[in-house]
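Q: I am new to this structure and would like to learn how to read some of its features. Please take them one by one.

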Amino acid sequence: MTTLLRLVGLRELLARPARSTLAVIGIALGVALVLAIQLANRATFGALRQTIDGTAGRAELQVVAASDGGLDESLASVIRGVAGVATAVPVVEGTAFVDDGRGESLTIFGVDLGDEQSLRTYEGTGGDANEAIEDPLVFLAQPDSVAVTRAFTTARGLDLGDHVAVLAGSGRHQLTIRGVMAETGVARVLGSGLAVMDLFAAERLLGRDRRIDRIDLVLAPGHPPAEVAAALGAVLPTGTAVERPEQRGRQVEAMLTAFQMILSSASLIALAVAVFIVYNSLATVVLERRREIGLLRALGVRRRQVLALHLGEALVEGMVGVALGTGLGLGLARLLAAPVAASASGALGLPLLVGHVAVDVPALALAAAAGLVAALLAALVPALGAARLPIVEAMRATAAVAAPRWAGRLLGAAIGCATVALGAVLAALRTKAPGFAYLADAAMFATIGLGSAPVMLLVARAVSPLAGRFLGAGGRLLGESSRRLPARTGATVAALTLGIAFSASTSIVAQSFEVSVIDWAQSFMGHDFFVRSALRERGFVNAPLPPRVMDELRALPEVRTVTPFRLIRQRYAGETIALTGASNGPAGKTAWVSDNFARRYRKRAGDLLRLDTPRGRRAFRIVRVDRNYNSDRGTVTVALGTLRRLWRDGLVTDINIDLVPGADRAAVRAAILQRSGAEYRLEVLEPKALEAQLTAGIERTFAFTWGVQAITLVVAFAGVFDTVLAGVLARRREIGVLRALGCLRRQVATAFALEGLLIGGLAAALGVAGGLALAFTQVRVLFPDLLGYVADVHVPAVRLAGIAAASLVLTAAAAALPARRAAHLVVTEALAVS
Amino acid sequence: MIRVDHVTKMYGNGGKAFAALDDVSLTVQRGEFLSIMGPSGSGKTTLLHLLGGLDAPTRGEIWVDERPLSTMTDDEITVFRRRHVGYVFQSFNLLPTLSAEENVALQLLLDGEPRRVVGPRVTRVLELAGLAHRRHHRPDALSGGEQQRVAIARALVNDPLVVLADEPTGNLDSRTGERMLEWLKSTAETTGQTVVMVTHDPHAASYGDRTVTLRDGRVADDVPEKRWRARVLPLVF
């Protein structure tokens, strides 16, 4: 077998470098995407676990608040009295921003330094553990003391005793560097963005009124965590929870998994396109080698050897593709890891630092296996076809061109799959069950894969006479290649259709979320200005502002009303939801809930909702279910006064401003920025600017998919080039005959260019239709399930038309070169082709 | 009708260059049926390609219907071929996805003739070919003889000035071959078309008014049909 592969197969691969290269590139790009996304995902997960483990230190249990800053500091002394608790360390964790123009965020870690030594290690730059702080007494005595990392001071040319200005919940503060940490322990996990302060000083900086985020516990030997947790449950007030540090990561991991599933599915689509390209390439090779296959069989080569020969060639292409794809994937992973982690960090509210992307053997093995299996899978049908060729038929110069027997069967199977897809779509929309949505997507992909060839045949048959009538002789020859090589052309249509369907569905999903978010924003856009911090705390939440900002705004004579909002995180049913306090919100003991909250926790208007507050558990009657995008787990809105009172929170997150009639908007904006802007780093947005910000946010979320789309489409269009070129090669003799009979060069070129356009047109039509169906299940069922956000379907007609038009233009461009080659074939040489 | 004036056709470059045709001159009269014979590699097919404008001579000139081919552009030669030349190939060269009728109509359709004009002309030649009842069949459903009749019908449908036939009976049994040649000859006599036929077969060549023999790219012999019959056929049969 190896002899046959060496003598015939490898030489064949080298003899057709363009086609082999195309197949290799297809596999390489698929493997690269699979590997890059796997590695980026694993790196993000690794960073997440490091952050959670690193910040927890040696803590075995954590007592956490029901909402941000929601634990009373005095609770620590109560906990210390519980049997089995060796150490209880109160922790305040929040975000501040360096006020140096760059606005880098700092994770403020406020701890009781006396107890902290038993939990976490802070190493001094001299290398001695726990010597990061030069003079502990001075550090504790001065509330402006802060310990930062060596990387932080080096980047800014600072040293011990120097000052650094920061913006935090309580406003602008000048801190003094009284400790410098090496990047070990917690500092390694959080990187240069870590700043350690004394608990009391951190509370003041972050605007907390003797309230802390959590209490980390080290247990006495011989006391299992479950036993201590049970004992703690008896003494802790309502609204506090006891959990193991790793539990903190579960919701985060679930969300990260959903996000990464979407990325992984995109990479699988690229791999599916690669399968079609390899299939296409090998089907053409088999067609061109019919006589050679017949000859080999006549010389005594067995059917299974012919099968193995073709599979072997595909395997060689697959191996080269895997080798190239692995290198490309490693590079791509390094590019992807940081943005994926940043995006996850923003969405999860945790600082995630991805250092270097480790070369992960399981990920490498998975990507390599995916590439090789894809290559073999793609080769199976053409290889079986080659093995089954009757010797006499194979020895003929050309194949018979009767309609393939399989076309009818494939069409039947495709119609069956389409019926299943339709049924599953309807069931998914009715039941919202993700299982139906996955079934619908799988059935749709199967419909595209199975139906492209027979549909292409039908279209070619229908279009040819019509095109002849309107486009002359060139049009009359349209569809010839498709009719001659239906399986190969069908594979190209399928690949392109998949690429276009993916692009179309992504565009529809993006548009749906964009319009839905803007529609939601319209509900609070009836104001002249939106004032908020330009700094983001934990990604998407704006940094809180002290209440005195409102007084400064009210003092402006042109300002008629100032409407504040507060957004905090709240625990509900073991997960973190968003809690909004709105001054125009529901009255008294009532609440509004978002539709994703209602869907997730099965609540509706009229139900009672129990929330844990720092003042104990409180019940709210749900009076409205509305759209809200503050959190993937859902948002509860209560009156601002209620939030301030029950949650003991005086900060604000957003402020809406209305001006007196006739006020000069530009002058007011300038006045706000001049008076308070610099101190609180405010941004003052008009409704249009806010809308643009929201739109940009959605586009950033979908930014990853554009790259995958681009790669998928490039591979698919390369397939069109290959298909039309293969059509030219397979029909050389015919072209010679046509030219001998008086067919002009431009008529030949037109025929092949139109062939490309026909492929592009059909793929665009099928792809946009498939994209619409995919988008419906994604927006209505899958994304709410995976990402937690609910949206209405909005179809971007112009963008879809653009995708269809672009696919036509690009297919015409891809077909242009082979069409030109067809037109310039030397007639006498073409006639000599046997 | 056709004048070949000191035509040379070279292939290859430098030391590997060789002359497929070497200073060939001949004239074919309107309505004449010329057979070209010669062993393999003698330049027969090359000459036919040059006469049809499929290739250009390295030196010399070819005149068809008083027009020098070298002065015509590629498009002009193509249109000239489409309107005034009929081609018959040894291996029929019918387009496999087109029916017999569509294959015959192809040249007229390429020329933009409307269907109301094309239809009756195609019907007429298919009836002459005895294939009216097989008009909707594709090539793979036709016998070799039927396929060649379709190919000849295709060559005649545009009432060409010249029919160029390259081994038209090479893939046919002798009886079918004879019927093809009789049809070709009678049509040429009826319509006054000029026929240039390349063949290996002396018997086929005897259907011509005149036979030119090529050897090593040169005209080795040029004799009228009667003398040809007298000289060659007794040796064959």
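Q: Is Ala801(A) buried or exposed?
A: A residue is buried if 20 or more other C-beta atoms lie within 10 Å of its own, exposed if 12 or fewer, and partly exposed in between, with C-beta atoms placed from the backbone. Ala801(A) has 12 other C-beta atoms within 10 Å, so Ala801(A) is exposed. The model is predicted: local features need pLDDT of at least 70, side-chain atom pairs count only at pLDDT 80 or more, and totals for chains, interfaces and linings use all residues. Residues are numbered from 1 along each chain as its sequence is written, while chains are lettered from A and ligands numbered from 1 in the order in which they are written.

Q: Where does Ala801(A) lie?
A: Helices (H or I, at least four residues) and strands (E, at least two) are DSSP runs, numbered from the N terminus. Ala801(A) belongs to helix 27 (residues 797-823) of chain A. Its C-alpha atom is separated by 9.6 Å from that of Ala504(A), 297 residues apart along the chain.

Q: How many helices and strands are there in chain A?
A: Chain A has 28 helices and 22 strands. Of its 834 residues, 51% are buried.

Q: What is the phi of Glu66(B), and where does Glu66(B) lie?
A: Most residues other than glycine have a negative phi. Glu66(B) has a positive value, near 70 degrees. This residue sits in the loop between strand 4 (59-64) and strand 5 (67-68) of chain B. Glu66(B) is exposed because 7 other C-beta atoms lie within 10 Å.

Q: Is Glu167(B) buried or exposed?
A: Glu167(B) counts as buried because it has 20 C-beta neighbours inside 10 Å. Its phi is positive, about 50 degrees, although Glu167(B) is not a glycine. The loop that holds Glu167(B) runs between strand 7 (162-166) and helix 6 (174-191) of chain B.

Q: At what angle do helix 3 and helix 5 of chain B pack?
A: Axes are lines fitted to C-alpha atoms, for helices over the stretch in contact, and angles run from 0 to 180 degrees between N-to-C directions. Angles under 35 degrees count as roughly parallel, over 145 as roughly antiparallel, 65 to 115 as roughly perpendicular and the rest as oblique. Helix 3 (residues 100-110) and helix 5 (residues 144-156) of chain B pack at about 25 degrees, with axes 7 Å apart. The two helices are therefore roughly parallel to each other.

Q: Which residues of helix 3 and helix 5 of chain B meet?
A: Two residues are in contact if their C-beta atoms, placed from the backbone, lie within 7 Å. Ala100(B), Asn103(B), Val104(B), Leu106(B) and Gln107(B) in helix 3 meet Val150(B), Ala153(B) and Arg154(B) in helix 5.
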